Amino acid sequence: MMLLEHDAKELLGDLGLPVPAGVLLTEGSAVGPFEHPVVVKAQAPVGGRGKAGGIRLARTEAERQAALKAILGMTIKGYRVGAVRLERPVDFVAEAYLSLTIDAASATVRVLMSPSGGIDVEDETARSALRSETARLDPADLMRAVERASANMPQGFRAPLREAGLRLVSAFLEYEATLLEVNPLFICPDGSWVIGDAKLIADDNAFQRSPLVRARIEAQPALYSQAALKIEQDYDFVRLDEFGDVGLVTTGAGLSMQLIDELAARGRRPYNFCDIRTGMFRGNPGRLIQVLRWIAAGPNIKVVLINFFAGLSDLGEIARLLLIALKETPELKAPIVARLIGNNLEEALAIIAADGFPIAVETDLEHAIQLVLQKATP
Amino acid sequence: MTALIDPEAPILVQGITGRAGRSHARNMRAYGSRIVAGVSPREDEVDGTPVFRTTAEAVRNTGARAAVAIVPPLSVLETVKDSAEAGLELVVTLAEGVPVHDAVRARQIAQAAGIRWIGASTPGLAIPGRIKLGFLPSVSLAPGDLGVMAKSGTLSYEVCHRLVRAGLGQSLWVGVGGDAVKGTRFAEVAPIFEADPDTRAMVVIGEIGGDEEEELARMILERGLRKPVYALIAGSAAREGVTMGHAGALIHGDVGTVASKQTALQKAGAQVFSRIADLVSAVAAEAPRPPAFC
């Protein structure tokens, strides 16, 4: 998962890397006293924040208030900005580029370095100055790659990029990153360097071994709702569209994603993504109740689609838990369509029929989708 | 028979004494897999199968050639290493949640040793009616001539279930898994399907994130693969920066989008679908024999 810039910088700062002094300001929290000028930076886990107007320099109190008003709550690439980082501007003479990325195909790490960074890193001239080196995921090999890349940098960039590269190698390994990108890397008038912006994609599966990363996420559960949920509950629920009309209770990441696509292609607005992992229920309806409550909170839910393809799990057991969960969430008024298929289907059908709770059960997914479309368009 | 696994190969199960290990081992044997050994620090026997302390010992005593690992995610790297050192040809790991840095190291080890690693997180592979390594569901398996490779377990269950109902089974089904870094990628499975006389066409079940589909497209063009390719790519509605369940399913900038994957595969001559029903109809329409609907 991609960390917010603020947390990426603080994590790098924790290891002693130079980052500009800054604080996180979440929506609704009090604004403390600040020296001006200050840079107001939208915190969203996507690129192109500057181009979207999410980064502003404020020279006065009034400018800062205006910037906060404009940025907090704005939407960048579908992501609502719930926090900003207020940061001391840096005096720099040049903007360089440095990144380390896992290359999945070759199982190596790519080290990219360029004296020409900033937002123009994607253009032709910047690309021609880009130096690319490959290393095994091993400290010594990574450091050699940094040495090779920096040796090819122009005078004035060589020493700071070498040092920054070596320091980033340690951070990359420490935080088990899959991507660590510093762009821009500011080169200061005295030849020192400071991290201008940082992208850190940390590995959700390595949180147990990266307590500092985990602590950052747990400190801001509202900003990292999905990751915080995964740490706490070990399943996935992502609210995709606040005003979505179809709530999804689904298992399996790929099939859940596909269902969202199939519904969107037919003009529906899926409310959420969900991989509830039926295999981990262990006789407890808790997950189902929680997910149904979240869906019930959607203001525009017209129908709920449940889809369980049970490769191994027992559908009879799932049907029993589902009935308990539905009765525990009377606030959910929308009609329920349940598509069930797989292990012990007959028992599940019999249990639902005997109970009498109003669930439209289908075994064929296309039929279930048709039923959802009918119920969503009165 | 395919180059990936000999259906007669003796198999060992790492982690056989756990709850999941026991039940998977039992199901695999019931399906016809030759389970000859288990590996675990505990017990000497499970359901009549001898259990050894190490993979190397199990291989020495039973001649096992492939392994299925039912071990916790943080033990996968060590298990791949043990499997490589024991001289196995293939190891399939089922654990969800293997750290990426472990997967990178395991892939380096596997490549250096020449062992085929399927995983990190996968429901496994199967030659329907012959052998199952992992837990692909029987309701979706049937002998046939489609080579199936998939990042997602559940989505492949759904697609194959519907293909099977349309009379279209599989020659070999390989779950490569949804991890960002994995043992075997689409581009490494495709040549196996291309060379396999029992495989007529390939079904690729991809999703957002990474560049495996694009790499597959390049490989098809560069090596001139001839067999028809039908692909389904999930995640059109996903947003940048949001992980869609699978650790690998993350769009970053314009890397990993459905559009990028569709375009690349179409240029390589593949038919790319966004709806399951359309893929099933296309495969059925082009099948050599009229399929028996039921």
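Hi everyone, let's start with one pair of residues: Ser99(A) sits opposite Leu112(A), which belongs to strand S8(A). Before going on, this is a predicted model, where local features need pLDDT of at least 70, side-chain atom pairs count only at pLDDT 80 or more, and totals for chains, interfaces and linings use all residues. Residues are numbered from 1 along each chain as its sequence is written, while chains are lettered from A and ligands numbered from 1 in the order in which they are written.

Back to our strands, which, like helices, are DSSP runs numbered from the N terminus (helices: H or I, at least four residues; strands: E, at least two). S7(A), residues 94-103, runs antiparallel to S8(A), and seven bridges join them; pairing here takes at least two DSSP bridges. Four residues lie between the two strands of this hairpin, and Ala107(A) has a positive phi near 55 degrees.

What does S8(A) pair with through five bridges? That is S9(A), residues 131-135, again antiparallel, with Val111(A) bridged to Glu133(A). Five of the seven residues of S8(A), 108-114, are buried, so the strand is largely enclosed by the rest of the structure. Buried means 20 or more other C-beta atoms within 10 Å of the residue's own, with C-beta atoms placed from the backbone.

Now over to chain B: 48 of its residues are in contact with 45 residues of chain A, meaning C-beta atoms, placed from the backbone, within 7 Å. Helices H4 (100-113), H5 (153-165) and H9 (276-285) of chain B each supply at least two residues to that side, and H4(B) gives the most, with seven. Thanks, everyone!

Terms used
Contact = placed C-beta atoms within 7 Å. Buried ≥ 20, exposed ≤ 12 C-beta atoms within 10 Å, placed from the backbone.
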